[in-house]
Every structure is written in structure tokens, then in C-alpha cells.
Amino acid sequence: MSAESSTAGLALRAENVTAGYGGDPVIRGITVSADPAEIVSLVGPNGSGKSTLLKSLAGIVRVAPGRVLVGGADLTNTAPEEIARAGVGYVPQVDDVFGPLTVRENLEMGGYLLRRSEVAGRTERVLTVFPRLAGMLTRPAGRLSGGERKMLAMARVLMTEPGVFLLDEPTANLAPKVAAELLGEHVRQLAADGATVLIVEQRARAVLAISDRTYVLGGGEVRMSGTPAELAASPDFVESFLGGGRPRV
Amino acid sequence: MSLFLASLGFGLVTASVLAIAAVGFTLQFGVTDVLNLAYGAVMIAGAFIAYVINNAGLSVWVGLPVAVAVCSGGSVALNSLVYTPFQRRGASPITMVIVSLGVTLIIEFGVQAVAGGTSVSYHLAQGPTLQAGGLILTAVQLGVIALSLVVMAGVHGLLRYTKLGKAMRATAANRMLARTCGIRTGRVITLTWALTGALCGLAGVVFGIDSGSFDATSTDVFLVLILAAVFLGGPGQAYGAMLGAAVIGIATEVSAAFIPADYKYVIAFVILLVMLGIRPAGLLGARA
Amino acid sequence: MNSYYLINLLIYAAVDAMACLGLSQQFGIAGVTNFGFIIFQAAGGYAAAVLAMPSDSANGHFQSYIGGWHLPFPLPWLGAAVVGGALALPFTFLVGRRLRGDFAAVGLLVTAVLVNLLVTNYVPLLNGDAGISLIPEPLQGVLNAATSGYQWAFTAVAVILCAGVYLLVRRLTESPYGRTLRAMRDNDTVADSLGKDLRSLRTGVLVTGGAIAGLSGGILVSYITTWSPAAWGYAETVVLFAAVIIGGAGNHRGAVLGAVLVPVGFEEVTRFIPSSNNLPPNLIPSLEWVAIGLLIVIFLWFRPQGILPERKRAIALPAVAADVQSGADDPQELTQPTLARRSGAGSAGPDASPVVLRADGLTREFGGVRAVSDVSLTVRRGTLTGLIGPNGAGKSTLLAMLAGTLPPTSGTISCLGQDVTALPAFRRARVGLVRTFQLASEFKRLTVLENLLSAVPGNRGDSLAGAIRGRRYWGSDELAAIATAEALLRRFGLLEVAGQYAGDLSGGQRRLVEIMRALMTEPTVLLLDEPMAGVHPNLARRIGRELVALCRDGMTVLMVEHELAIMDEFCDPVIVMAEGTVLAEGTMAELRARTEVVEAYLVG
């Protein structure tokens with residue numbers, strides 16, 4: 001995004017969230033927070049509940065018990081379309097674009113909540129951030145490569161300039177160079193423009209490099225948290241990441 | 001040759017009726033993931049509503065918008081009161097099919113209970129016969145074809161150029177993702193059923209006009225033609241339904257020029273079974 | 001009450017009950033939704049007709065039909081059953097495929113309509129729309145069919161045959177074969193992984209149901225002496241389905257009840273409605289159809305299990321002291337001889353022990369992306385091997401290829417020296433290579449004990465032929481299986497829930513059931529896909545200890561897991577995968593010390 005536009009970021013808070021898919025809960029009693037202009041990352045081994053936490057913040061998974069607060073407003077268990085209207089942009093890990101729709105139409109759906117007069121301008125702005133998309137506006141999204149789809153997914157969510165970005169493993173299946181560019185440039189810029197960014201990643205090293213704070217999840221709970229520097233210095237970090245650590249009290 | 005051209009003419013008319021019906025059916029499936037087998041019954045209900053109005057002395061073209069409105073509202077009710085609750089409970093696709101068969105019985109034989117078992121016809125002057133390049137069609141038949149073309153253009157315009165149309169396609173492609181974009185998919189789905197229900201009613205009246213005479217069970221076989229058109233093009237694909245309707249409509253009528261007329265629908269059945277067996281996603285759907 | 005009326009009622013009840021029993025077997029027990037069911041009854045009816053009728057030239061061709069061999073009773077009825085059963089064979093094509101359930105159902109429904117259309121229009125075949133009439137009644141030449149004695153005898157035969165079908169269907173269902181059918185209904189993918197041949201099972205069910213339907217058609221035709229397409233449109237199939245759903249799918253008494261309530265009941269109700277000249281003649285029949293439609297929707301909403309739901313099978317456990325709970329730390333010896341049977345006796349030290357599973361150059365591509373790339377590994381007997389790696393490393397894909405759920409793009413797999421690369425999953429299970437699944441995969445509507453019993457290989461009652469021969473034939477195999485299952489339940493501490501539906505247990509308990517069920521197959525190599533996911537740490541440790549004990553006795557386990565603490569405690573060796581290839585192998589402690597392993601996890 002260009003320097004003139006700045007997003008009013010919204011503070012994000014999950015309080016004591018327990019959630020699952022019916023049956024036993026996947027995450028238990030998780031509390032995380034993220035503030036405007038901050039990049040907060042969630043790392044941890046598979047099955048630790050990172051995606052589930054993000055989904056419960058986006059309104060996709062039912063929270064019981066627990067609270068989800070966006071910009072101070074209680075949005076626990078609100079429908080995803082209303083959470084989007086509250087200024088939350090969510091990029092899922094898979095099924096992140098509308099396959100049968102063209103690139104341009106995907107962006108239009110991203111800008112669904114905008115006034116009609118704003119759509120064209122926003123589209124232009126988003127395309128300056130992701131210039132490669134400009135060359136394939138009429139192509140159906142299902143025909144894009146993996147990296148191009150991720151760009152489109154990010155571009156789509158940029159259309160409304162939300163105050164909160166929830167990104168679920170945006171670099172999954174991307175080549176290392178593309179992943180580095182996505183994280184180092186685009187994600188960093190989101191926070192630089194004032195938005196709150198909560199990002200789930202498998203590539204722990206890469207995401208730690210751009211994070212202000214990090215939570216390490218394991219077994220459905222928060223095992224550790226702190227700044228990247230604090231975590232790197234801690235001997236438990238690698239251990240807890242590889243599953244050997246015990247939950248910190 | 002003239003027999004061929006005559007049947008080609010019939011084929012165009014059948015294709016026109018089929019196109020309106022098939023597009024409605026396929027959009028319902030696309031956005032709700034349910035094969036609404038009661039579609040044929042709603043069609044014939046629409047045909048009878050127009051008949052009642054026609055029988056009371058008014059023109060069929062006055063009865064048509066009434067039928068369209070009733071079928072539209074009825075379809076919305078059907079989805080909201082029957083299909084959605086079952087789906088919310090996690091009913092399997094098989095259960096949904098059986099439910100839709102039950103609804104078919106209710107509507108179809110409800111119409112028969114009220115209207116009686118005998119065939120009826122509209123009081124409609126066919127108008128002058130027109131000739132064009134060997135095809136011989138009445139004014140009414142040409143009107144049906146023209147109406148169908150207008151409807152297809154309207155559907156195309158809606159899906160490609162309006163926000164609602166794109167939201168419908170997005171909801172059909174990925175409902176949860178659409179919601180995270182802020183789309184109120186519940187409303188989009190209701191509007192889709194209202195729209196396709198209207199198409200269903202329209203198709204019913206036009207079917208009645210084209211058939212000459214009809215009774216409550218007349219759409220039973222027609223539903224198979226709709227299914228054939230839908231699966232040929234690909235379930236959920238509006239343009240596929242149009243293509244399928246053209247092929248099925250013309251193929252069935254033209255085949256009547258070569259094989260005994262009683263068997264003309266067989267080709268539609270065979271196409272449907274072949275598509276289900278080989279390529280259920282249809283010609284325009286994603287590769288199997 | 002007029003005796004003619006009663007005879008009519010009983011015969012229709014017998015015929016409809018028979019048809020519903022056949023349909024309930026297919027739909028309720030085996031989960032095969034056969035919307036073309038009516039065609040089998042129709043075929044049986046026509047077969048009986050053309051076998052019993054004289055040649056069509058005999059009466060000057062006023063009806064035209066194929067056949068006409070004027071065969072004496074009971075050959076027409078036998079022919080009806082045979083034709084009904086044989087007709088099922090082409091149908092297996094449509095039902096066996098991996099087609100969406102509702103699409104397949106529509107295909108079958110359309111087929112029924114198509115066949116009706118063809119028979120209606122192609123007159124030389126079966127006299128078209130007019131149908132065949134003057135069908136000879138059984139033993140017509142010898143007995144006087146008009147006497148009430150004959151009519152009652154016919155009724156008695158019909159009812160006896162219906163009872164016979166009831167007993168047959170019950171015998172099939174209450175056998176290990178029936179249990180396998182229900183398992184296939186509940187989760188066909190898992191049944192396949194346990195060694196069940198789905199295609200042959202479905203074919204068997206279609207053929208038996210078809211034969212029963214055919215017989216019912218033959219009896220009906222011999223009674224009413226005419227048969228035309230109007231008697232078997234798609235609406236008749238809907239009526240039968242309504243009957244089975246309302247009566248209770250999967251319950252044989254429910255099927256009979258449904259037949260009495262719906263086809264028969266509706267027919268009878270019309271007699272008692274006072275006829276009035278003010279009402280249009282078709283009003284009552286139309287309202288009947290509306291009522292059937294309403295009943296279908298109402299029952300599916302409020303009582304989908306029907307009036308008489310499927311009963312829970314209570315299987316008596318051998319009278320052992322039930323208060324001796326397991327959960328003790330030392331494993332029981334009871335199961336070891338049986339479970340280690342296939343692994344062979346005597347286990348040498350881990351390094352010298354033979355290779356039981358080997359993969360060479362396994363690769364799997366999905367549209368240009370290599371999920372698994374040239375992986376080779378060996379698994380030795382008696383080891384509990386762990387398979388770990390970050391997300392997207394290819395672990396699940398590798399496991400699926402080893403199990404036969406997914407075919408490799410290239411490479412080979414051998415188990416106990418035998419090349420199994422080309423074997424489908426159910427055959428690999430029979431060779432001793434068995435897997436579990438990541439997501440919940442218990443058979444929900446079977447009890448815990450039935451879940452375990454369903455996995456036992458080699459039970460003589462687990463086939464159509466075996467089931468027909470009855471409990472005397474398979475009883476001892478069943479008792480042996482029950483004993484093995486009971487020992488396992490005791491060992492894992494789930495004995496007191498043995499009689500509960502597996503679907504009603506907690507998550508951790510269901511996991512245990514899956515593992516026990518896999519153990520019942522007496523596997524040589526057990527492939528576990530994240531068995532500890534979502535399981536309480538104490539329970540996970542307990543499972544780990546049991547697995548170690550089983551490996552000590554000759555079984556081999558390969559386990560994909562994320563909970564690396566488990567790897568620490570129980571697994572040796574541990575294989576690390578990343579980005580589709582094997583990164584390293586060793587104990588967990590060794591691996592943690594290797595930088596490339598740590599990097600793989602942190603870099604992703």
C-alpha cells in the first residue's frame with residue numbers, strides 16, 4: 001500500500017478461548033492479543049490448534065467458552081460476514097480463492113463491502129501492490145499457480161483495507177523466495193500501514209524475523225510467548241517447538 | 001428433409017423451454033448443493049395457476065406473471081422450510097433426494113387433487129404461421145423462443161455484470177469464503193431461490209403452452225430432460241445448462257424424425273446415464 | 001368379512017412384505033440405495049409370465065411377447081427369482097462406482113423410468129402398454145383355480161414363502177456377514193481398509209435383493225394373472241421406500257410393518273372412505289399420494305429410524321470375572337499367541353530381525369507437485385517405528401501409499417518379501433498390512449464389540465454362502481473371535497462399554513476402539529495415522545505401552561505422529577520426513593541433536 005493510505009488498526013484479543021469442531025475441543029483456554037501496527041505470529045507443531053484459533057477469531061468455528069474482542073467490541077461467535085463488516089480480513093490456508101471467478105471478479109468480491117464508486121480505485125491500488133495480477137485479470141482463479149493464488153488471496157483481502165488481518169499459513173506450498181517476499185515485503189507493509197496482523201506459520205524462522213511478538217502453541221494450549229529475541233535466547237524454545245517442552249505455568 | 005426441418009423447429013421450441021427450466025434447476029443445485037427433484041412439480045403447479053386464470057377468461061400472458069410470482073415464493077419456502085433445516089441437521093445427499101421425492105408427491109398430487117386428473121389446455125390462439133428457411137413455426141412458438149433468448153440474456157447479464165450475480169457465483173463456489181468477504185450468503189441463497197423459482201414458474205407456463213394439453217403428471221418425463229441437460233453441461237453451471245438444453249432439446253425432437261416418436265426421449269435418458277457414468281461433472285465442469 | 005377380501009389382503013401383504021424385506025436388506029442393512037428396485041420385481045413378474053404362458057402364436061398373436069414355454073409350476077416362480085437376481089449384475093456398475101450418493105440415486109431412478117418406457121413402447125418384447133394377461137395360475141391344468149380351497153392354498157403358499165424370505169433375510173443379517181454389511185454401510189472406506197471386498201459385497205446384496213423382489217413379482221403375477229408397465233412405474237419404488245423408512249430401515253419386522261401400513265394400508269383405507277358422487281373420482285387416490293409424500297418428509301424429520309428402529313445387537317460375553325479391570329501396567333498374555341500368529345515365532349534382536357516392510361523409490365505426484373519424492377525405507381519386525389515431520393512433509397501420503405489407499409506414481413512396496421504394490425487396500429489388509437485413519441472412523445451404529453468382531457479375518461460366517469449355512473456353521477469361529485475381542489477389551493479397559501454404540505463414546509475411547517479393531521485383524525504390520533491426536537496424555541502413554549508390548553511379541557508398527565514426546569518414550573527408530581523426502585533416521589534424542597532436523601521443523 002502506498003504511504004498516503006493508513007489503516008486504522010483494531011486491537012485483537014482472544015480471552016480464554018476453548019473451541020473445537022464438535023466433540024473434544026482442539027484448543028483450550030487460549031489467550032492471545034495483538035495491537036495495531038503489530039505483527040504477532042502463532043507457531044507450533046501440527047495439531048497444536050493454530051488454524052483453529054484463527055478460525056474461531058474469524059467466526060468460522062464455535063467458541064465455548066471464551067471471548068473474542070475486536071477493537072474492544074465483543075464479537076464472540078458472531079457470523080463471519082458480520083466479523084468481516086467489523087473490519088477483519090481473513091485469508092484461509094486452503095480454498096482461498098473463488099476458482100470459477102476471474103481474478104478481477106475475485107477482487108470485486110474482496111471489495112464486496114465497498115461502495116460501488118470505491119471499487120475501481122481500490123482495485124488499482126491493490127494491483128500496484130501485486131503488479132503481476134494486472135496481467136491476468138480475466139483468467140479464472142482456478143487456473144493460477146500456487147504462488148499466484150496466494151497473491152490473489154492477499155490482494156482480495158486488501159481490498160477493504162481491514163483493521164485486522166488473520167493470515168493462515170500464507171507461505172504454505174510457496175517457493176522459498178516467493179515466501180520470503182510475501183512475508184518480508186507484503187506482510188510487513190500491512191503492519192507498517194497501521195493494521196493489526198495475526199499470522200499463523202509453519203516457517204517459524206522466517207516469520208520470527210518479521211514478528212513483534214510470538215506465541216508458541218502446543219497440544220491446544222499456549223506453551224510459550226515473547227519477543228523473537230526472548231524466544232531465541234530461551235533453551236526451551238526449540239524443545240517446545242519440537243514437542244518436548246511442558247506448558248509454562 | 002422437410003420432416004427434418006419440421007422436427008428441428010420443434011427442437012428449437014423444446015430447447016427454449018428446456019433452457020429456462022434447466023438454468024433454474026442448475027443454479028439451485030449450484031448454490032444449495034441439493035438436487036431439487038420437486039422442480040418438475042413446481043413447474044406444473046405454475047402451469048395450472050396460469051390455466052386457472054386463463055380459464056377465468058383472462059389471457060395466458062396475464063396468468064404468466066402470477067404463476068411466476070407464486071412459484072418464486074413457493075420455491076423460497078421450499079428451501080427455507082424443508083431443504084435448509086434438513087441440511088443443517090447434516091442429512092446425507094441420499095436423504096435429501098428422498099425428501100425431494102416426498103415433496104414432489106405432495107405438490108404434484110396436490111395439484112392433481114385440486115385440478116383433477118384430466119388433461120387441460122390453454123385457450124390461446126397460436127397466431128399466424130411463419131416460414132423461415134424451411135422452418136415452419138407459429139407466432140406463439142416464435143414468441144417462446146424469443147422469450148427464452150431474452151431470459152438467457154438476462155441470466156447472463158445477471159451473473160456476469162451484477163454484484164448479486166457475482167455474489168451468487170461466489171457463494172456457489174465457496175460459501176465460507178464468501179461469508180468472510182462480508183457477503184450475507186443467507187440472503188443471497190434466498191434471492192437465488194426466488195429467482196430460480198421464478199424461472200421454474202415461467203418454464204411451467206411455457207411448457208403448458210408448448211405441450212398443447214397437459215395434466216398434473218406431465219412434467220415427470222420432462223424432469224428427466226432437465227436432468228439430462230443439467231448433467232450434460234455440468235451441475236451448477238448455468239452456461240452448461242443452456243448448452244445442454246440446446247443439445248437435448250434438438251436431439252430429442254430430431255431423433256423423432258428417424259426413429260418411432262415414442263422413443264424420442266430415449267436419447268435424453270441415455271445421455272444422462274452416460275454422463276453420470278463417465279463424467280458427472282459435465283462437459284463444462286471441472287475435470288473429474 | 002368376505003373371504004375373498006381376506007385372501008386378497010393376505011396375498012398383497014405377503015408380496016409387499018417380501019419386497020420390503022429385500023429392499024430393507026439393501027437399503028437399511030447394506031446402505032445400498034437402489035432406486036431401481038421396482039425393476040427387479042417387474043422382471044420377476046414378466047419372467048414368471050412368459051415362462052408360464054403358452055407361445056404367443058398359440059392364441060393367434062393377440063398378445064406378443066418373448067418366451068412362452070408353458071412351463072409347469074413351480075418353474076415360473078423359480079425363473080422369476082433367478083431373473084431378478086441375474087438382473088442385478090449390470091446394476092452393480094452404477095452402484096459400485098465412486099459416484100456421489102444422490103447422483104447415483106438419480107441415475108437408478110432414471111433407469112427405472114427408462115426401462116418402463118422401453119417396455120411400454122417396444123411391443124414385441126412384453127406386449128407393451130397393454131401388458132400380458134391371461135397368465136396361467138399355478139397348476140391350472142390340474143386343479144380348479146376358481147374354488148375357494150385353491151385360493152386359500154395359494155394364500156398359504158404365498159405367506160409361507162414370505163415367512164421363508166423373512167427367515168432367510170434374518171439369518172443373513174444376524175451373521176458375521178450381516179455385520180460386515182452394516183460396517184460397509186457405516187463407513188465403506190474403513191471397511192475396505194479392514195479387508196472387505198466392497199464390490200463383491202454390494203453385488204451380493206443386489207443379487208439377493210433382486211431375487212427376492214423377482215420372486216415377489218412372480219407370485220403377484222400368478223395371482224392377478226396380468227402384468228403391465230402401469231403396475232411398476234417409479235412411483236411404486238417411492239412407495240416401497242416410504243414403507244421401509246416408515247416401518248424402520250434395517251429392522252426386518254419394521255420392513256413387514258411398513259409393507260402392511262403403506263402399500264397395503266393405503267389400499268385398504270380407500271375401501272372404508274364413503275364414496276360420494278360429489279367428489280371427483282381421482283381425489284382420493286391423489287390425496288393418498290400426497291399423504292405418502294407427507295409421511296416421508298415427516299418421518300425423515302421426526303423419526304428417521306422408523307417405527308421399529310434397528311435393534312442394538314447384544315452379544316453375550318464369555319462368563320469371565322467382569323470385575324477384574326485391566327489398566328494394570330503389565331500386559332496380559334491372553335492375546336499374544338493369537339495376535340502374534342502371523343508374525344511367526346521367535347524374535348531376534350532388532351538389528352538382526354528380518355525386514356517385514358520395504359519401500360523402494362516411492363514417489364507420488366499431484367498435478368506436477370511431488371508430495372513424496374523417491375522415498376525408500378525398511379521396517380524391521382518387532383519395531384515400533386515413528387514417522388514425523390512438519391506439515392506438508394508427505395507423511396500421510398506415504399502412509400496412504402503403504403496401506404494401498406493411494407497408488408504410487410512410481411516405486412514399489414513389499415511386505416514379507418511379497419510385492420504388494422499392485423494390491424488394492426482390502427487385499428493388503430488380508431496379507432497383514434493394516435492401517436488406521438486420522439479422522440474418526442469407528443462404525444457408529446455397531447456396538448464396540450461388533451466393531452472389533454467386524455475386523456476379524458477368516459470368520460466362516462463372513463460371506464454370503466457362510467451366512468446361509470447358519471450359526472451351526474460359523475458359530476465356533478464367532479466364539480473364538482468374541483474371546484479374542486473380550487481379552488482386548490479387558491486389556492484396554494473398555495470392557496464395560498462393549499455393548500454401547502461406538503458412535504456414543506468419547507473421543508479418546510473411540511480412538512482405542514479403532515486401535516483395538518485394527519489389532520483384531522492380526523496384522524503383521526500396523527500403520528497408525530496419528531493415533532494419539534486429541535487423546536489425553538495418560539491415555540496416549542497407555543496406548544504407547546501396549547504397542548511396545550505387542551511389538552515385543554512379534555508385531556510391527558509404523559506410526560505417524562505429531563506428539564514428539566511419544567516418539568521419545570516409545571519409538572525406535574524414528575524417521576523424519578521433510579518436503580517429500582526422508583531427512584534422517586535414529587532415536588528422537590539423536591535427531592534432536594541434528595541441525596538439519598531442527599531446521600526442517602523451524603523453517604517448515
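1. In this predicted model, strand β3 of chain A, residues 39-43, pairs with strand β9 of chain A, residues 213-218, in the parallel sense. The pairing of β3(A) with β9(A) runs over four bridges. Within it, A:Ser41 stands opposite A:Thr214 of β9(A).

2. β3(A) also has strand β8 of chain A, residues 196-200, as a partner. This pairing is likewise parallel and extends over four bridges.

3. Is β3(A) mostly covered or mostly uncovered? The strand is mostly covered, with five of its five residues buried. Burial applies to both faces: A:Ile39, A:Ser41 and A:Val43 lie on one side, A:Val40 and A:Leu42 lie on the other, and all are buried.

4. A separate point concerns the contact between chains B and C. Here 33 residues of chain B are in contact with 30 residues of chain C. Three helices of chain B, namely α4 (93-115), α9 (219-233) and α11 (266-278), each supply at least two residues of the side that touches chain C. Which element provides the largest share of that side? The largest share comes from α4(B), with 17 residues.

5. As to composition, the residues of chain B on the side touching chain C comprise 24 nonpolar, eight polar and one charged.

Notes
Residues numbered from 1 in each chain as written. Chains lettered and ligands numbered in written order. Predicted model: local features only at pLDDT ≥ 70, side-chain atom pairs only at ≥ 80, totals over all residues. Buried ≥ 20, exposed ≤ 12 C-beta atoms within 10 Å, placed from the backbone. Pairing = 2+ DSSP bridges. Contact = placed C-beta atoms within 7 Å. Nonpolar A, V, L, I, M, F, W, Y, C, P; charged D, E, K, R; others polar.
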